[in-house]
Amino acid sequence: MTEFDRITEGGQEKEILGKLRGGVVTPENIEEHCLPFFVKIQIQTVSHCNASCTTCPYPETRTRLPQGRMSEERFLRLVDQIKGRGVERTSLFLMNEPLLDKRLERFTALLKKADPDTTALIFTNGLLLTKERALSLAESGMDEIDISVNGFDRESHERVMKGIDYDQVMKNLRAVGDLLQAGRLENVRIKVVGLRLPGTGAGADAFRKETGLEVYLKPVTNRAGLIDTERLGGQAEKSGSMTVCQRPFVKAYVLYNGDMVLCNCDWMRTTIIGNIESNTLEELWSSEKMMEVRRAHLRGAFPKDLPCGACDYPYLV
């Protein structure tokens, strides 16, 4: 697990991961130890993005797979099943640019009204995160905004984040930093997150001083084999052996059409657990299909049709 992931670990996640990685949980007794309900969820309210980043499969999947947006009725069905279940983090994004959804503030308010204790958050490329949008998100109840910035100079940024105007992003982030320093973003936590690629970390310290925003750099991953990290110049940061991936044990992922997909690296939607129109989230989470995925992770041996076998995330340190 990367340092950035550890920041968001809650008590239940730490407990189950300790059992998983300590040998307490086995493929044979997984049902006894599996969490009855996930503690984190990512919801794709729209599937579109306004970028073509070199670190992302979206430029390919946008033409190969159906795209769309989640209806409010479907979103409310999800919220109704989440509330009161101890879901610690509800991410209103998944394989997309969340600020393209003009309903985001309304959806955030609906979520927080139903479940005030869950942390509502988004991950954005920052192009649409204007001063006005940041304020409206704060007013709606958004708890955390993470901004993906791969490069703090124009050349590095444009090399990775294709289609995103560097000057506009920097203007937005300076404005967000000013709002944060002035206490105008309520209790919203702001994080700037980049990948450790050549040149992307240069200038990060100067950016911190200028904006007051904290910067985190994390390892680049191959998105379950869909991205060639060596071509990108990503640093080799793998451990010697695979660690049990926490994702299928603590987190759920729902696409705009109601499909629960295996994880946020399953961009090709190869492993659909089921659809919330036919089953509840609890049923999908505890389904035999999910249990088989978990057993495969505990064995460290994956069927050919499971993207986990090509993923480098469990090896990252």
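A search of the whole structure, which is a predicted model, finds three cavities of 30 Å³ or more. The largest cavity holds about 1,000 Å³ of space. Its lining comprises 46 residues, of which F93, F123, K218, R223 and N264 are the closest to the centre of the cavity. Both strands and helices contribute to this lining: the elements that give two or more residues to the largest cavity are the strands β1 (40-43), β2 (89-91), β3 (119-124), β4 (144-148), β5 (189-195) and β7 (251-254), together with the helices α1 (3-7) and α12 (247-250). When the lining residues of the largest cavity are sorted by class, 21 are nonpolar, 14 are polar and eleven are charged.

The second largest cavity contains about 100 Å³ of space. The residues that line the second largest cavity are A224, C245, R247, P248, L262, C263, C265, H297, P307, C308, C311 and P314. By class, this lining divides into ten nonpolar residues, one polar residue and one charged residue.

Helix α5 (residues 72-82) and helix α6 (residues 104-114) have axes that come within 10 Å and cross at roughly 25 degrees. Because angles under 35 degrees count as roughly parallel, α5 is described as roughly parallel to α6. The crossing in which α5 passes α6 is right-handed. On the α5 side, the contact is formed by E72, F75, L76 and V79, which meet R106, F107, L110, L111 and A114 in α6. The residues of this contact between α5 and α6 comprise seven nonpolar and two charged residues, with no polar ones.

Helix α6 also packs against helix α7 (residues 131-140), and the axes of these two helices come within 8 Å and cross at roughly 20 degrees. That angle makes α6 roughly parallel to α7, and α6 passes α7 in a right-handed crossing. The residues of α6 that make this contact are L104, E105, T108 and A109, whereas those of α7 are R133, S136, L137 and S140. By class, the contact of α6 with α7 is made up of three nonpolar, three polar and two charged residues.

A further helix pair is formed by helix α9 (residues 166-181) and helix α10 (residues 204-211), which pack at an angle of about 50 degrees with their axes 9 Å apart. At that angle, α9 and α10 are therefore oblique to each other. Within this pair, M170, L173, R174, G177 and Q181 of α9 meet F207, E210 and T211 of α10. The residues of the contact of α9 with α10 divide into three nonpolar, three polar and two charged.

Conventions:
Residues numbered from 1 in each chain as written. Predicted model: local features only at pLDDT ≥ 70, side-chain atom pairs only at ≥ 80, totals over all residues. Heavy atoms only, no water. Axes fitted to C-alpha atoms, helices over the stretch in contact; angles between N-to-C directions. Helix = DSSP H or I, 4+ residues; strand = E, 2+ residues; numbered from the N terminus. Parallel < 35°, antiparallel > 145°, perpendicular 65-115°, else oblique. Left-handed = near helix turned anticlockwise from the far one by under 90°. Contact = heavy atoms within 4.5 Å. Nonpolar A, V, L, I, M, F, W, Y, C, P; charged D, E, K, R; others polar. 1 Å grid on protein atoms, 1.4 Å probe; cavity = no way out; pocket = protein on both sides within 12 Å on 5 of 7 lines; lining within 4 Å. Points joined across faces, edges and corners; volume = space filled by probe spheres on them.
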